[in-house]
Amino acid sequence: MIIETKKVVKSFIDENFKDHSIEFEVTIPEDISKGNLTCNAALILANRVKLQPHEVAEQLVKPLEKQDFINKVEVAGPGFINIFLTDDAFLNVVKEIREDITQLITQVEKPEKILIEFVSSNPTGPLHVGHGRGGVYGDTIARLLRLKGHKIHTEYYVNDAGRQMDILTASVWFRIAGIDDNEFPASGYKGTYIKNIATRWGDNNVDSSIIDEIQKLISFKDLPEDDEERIDFLIAQLKLITESSWGAVKNLALESMLDSIQDDLSSFGINFDLWFSESTLLEPSLTKKSKFQLMKDSLKEDDFEIDASGNVWFLSTNYGDDKDRVLIRDDGRPTYFGTDVAYHLDKLQRGFDTLINIWGSDHHGYIKRIAASIQSLGYDSSQFKVQLVQFANLIKDGSKIKMSTRSGNFYSLSKLIDEVGKDAARFFYLFKQADQHMDFNIDMAVSNSKENPFYYIQYGHARICSLQAKANLANTEVGSLNLEHLPNSCLSIVHELSKFPMIFDQACHKLTPHLLIFYLRDLTALFHRFYNEHNILDAPNEEKIAILQVLDAVKKTISFTFSTLGIKALESM
């Protein structure tokens, strides 16, 4: 009824206040005693027309009172318009949810072609719990926007062409050569997965002379003291020692990591339309130029320059960035920023209306420079949107678990899924707003108590399934529902159900799926309270049937919302 009410108010304003078009809201009040709907149009319009809000509100009441679905209208407070629906209009949400809840989701007028890129962790190790939050968030907003009618494409950007891949490959070679932890370079990757890749390569693939040279190299006395300089020196030497085998080991390491990442994400209910390889941006195309070179050629000439050392700079300060950025190093290698610019140009050239990137909060400073490059390439930077996600701290037995990918000391995403389950993990990752700090409490996630919101909601769904089975009314036809057959305490549940379309739209518009979690928590709390206060199955038959119709709508709302979040609602516990 929100849409219908808004149309009535807008039509009246357009006809009677032609020069004063305004943006106003029709929402559902928290307290049902204040009506089924409330409108703030009078407050906003009064400022424009230089009248008291009450005077404007009294005019807006008149067309509303004529509507068949409205019982009465009241002006309250400083000028809010509180609207009380007829019984049939109020209860209609129960019927609509039971018939098909998707009919309550308003489709966008102009669907967009949207590319959502998320996770995109360097393929240098297994995914850990820090990656899980961005993965679930990206996957969920893709699900939400699809339901609103947008054409959604999801991508994982595989950073397979930079220095980190060389460090990964070098780390595997060190393990192939039997380098132990005492001699292993501090900047190398030390996890068990590195040993597993080395084992896959096998002893038969390595000449013993290569092993000897690597062992001599690692014990060389004049290695650079700085950890990063040392690993770069070792990589350069390893490439000479291993010659053609370097590329093969690199490919094996990349393949192993991608297989691991894909398996973990798939088991978490996350699948991508495309795994985009960074290296493809650097490969010459049919035009004899790589996508990276074509990107450089597409930048405005006044937006880059070459310094005395040979570095190519993008002058992002031309677009409000705090400093300029190197695109190409003096040795001809592109920077991470450089390939990112080429990747975003490739996205735009594929015809997407909007690019949504899900980035860790530590990438906040990266936003302005990418937006600047998009402008320089001749596109509208408003097409580029970034949603920042805070990494999650993991709490177990009351203590924070410390993690380091380089040292191999991390809590893998697959381990978390095994310990708490896919659905509980997705739920808790979505439980807080994505850009807010989060502590993922494993002990809470696996507890069977009402303090665990996931358990509390699942238990509510299972309870309703049990009630329906006992009453043998699970398949009661969707029919008329009379208000006089419902206890007054059940009306608050219907009122909460009526909020679903509004909450869903807010979650989609603001890309805030946690609002749906909060909504389910509140809806389920109302149900549990009602259940504890009423012996539903012993109620008079007409009352029992009416209550079970409302509860069936609650069950379907929980099930549909959970499904949208990638979670399965349990029918028994």
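**Exercise 1. Determine which residue of β6 is the bridge partner of Leu115, and describe how the two strands are paired and connected.**

Step 1. The bridge partner of Leu115 in β6 is His153. Helices (H or I, at least four residues) and strands (E, at least two) are DSSP runs, numbered from the N terminus.

Step 2. Strands β5 and β6 (residues 151-158) are paired in the parallel sense, over five bridges; two strands pair if DSSP finds at least two bridges between them.

Step 3. Between β5 and β6 the chain passes through helix α5 (residues 129-147), giving a right-handed β-α-β crossover.

The model is predicted: local features need pLDDT of at least 70 and side-chain atom pairs pLDDT 80 or more, whereas totals for chains, interfaces and linings use all residues. Residues are numbered from 1 along each chain as its sequence is written, and side-chain values use heavy atoms, with hydrogens and water left out.

**Exercise 2. Identify the pairing of β5 with β11 and state whether β5 is enclosed or open.**

Step 1. Strand β11 (residues 354-360) pairs with β5 in the parallel sense, over four bridges.

Step 2. Within this pairing, Ile114 is placed opposite Thr354 of β11.

Step 3. Of the five residues of β5 (residues 113-117), four are buried, so the strand is largely enclosed by the rest of the structure. Buried means under 20% relative accessible area, exposed over 50%, and partly exposed in between (1.4 Å probe, protein chains only).

**Exercise 3. Examine the salt bridges Arg230 to Asp227 and Asp423 to Lys422.**

Step 1. Arg230 and Asp227 meet at 2.9 Å, N to O. Both residues lie in helix α9 (residues 227-242), three residues apart, about one turn of the helix. Asp227 is partly exposed, with a relative accessible area of 35%.

Step 2. Asp423 and Lys422 meet at 2.8 Å, N to O. Asp423 counts as buried at 17% relative accessibility, while Lys422 counts as partly exposed at 28%.

Methods
Right-handed = clockwise from strand over helix to strand, strands pointing away. Salt bridge = Lys/Arg side-chain N within 4 Å of Asp/Glu carboxyl O.
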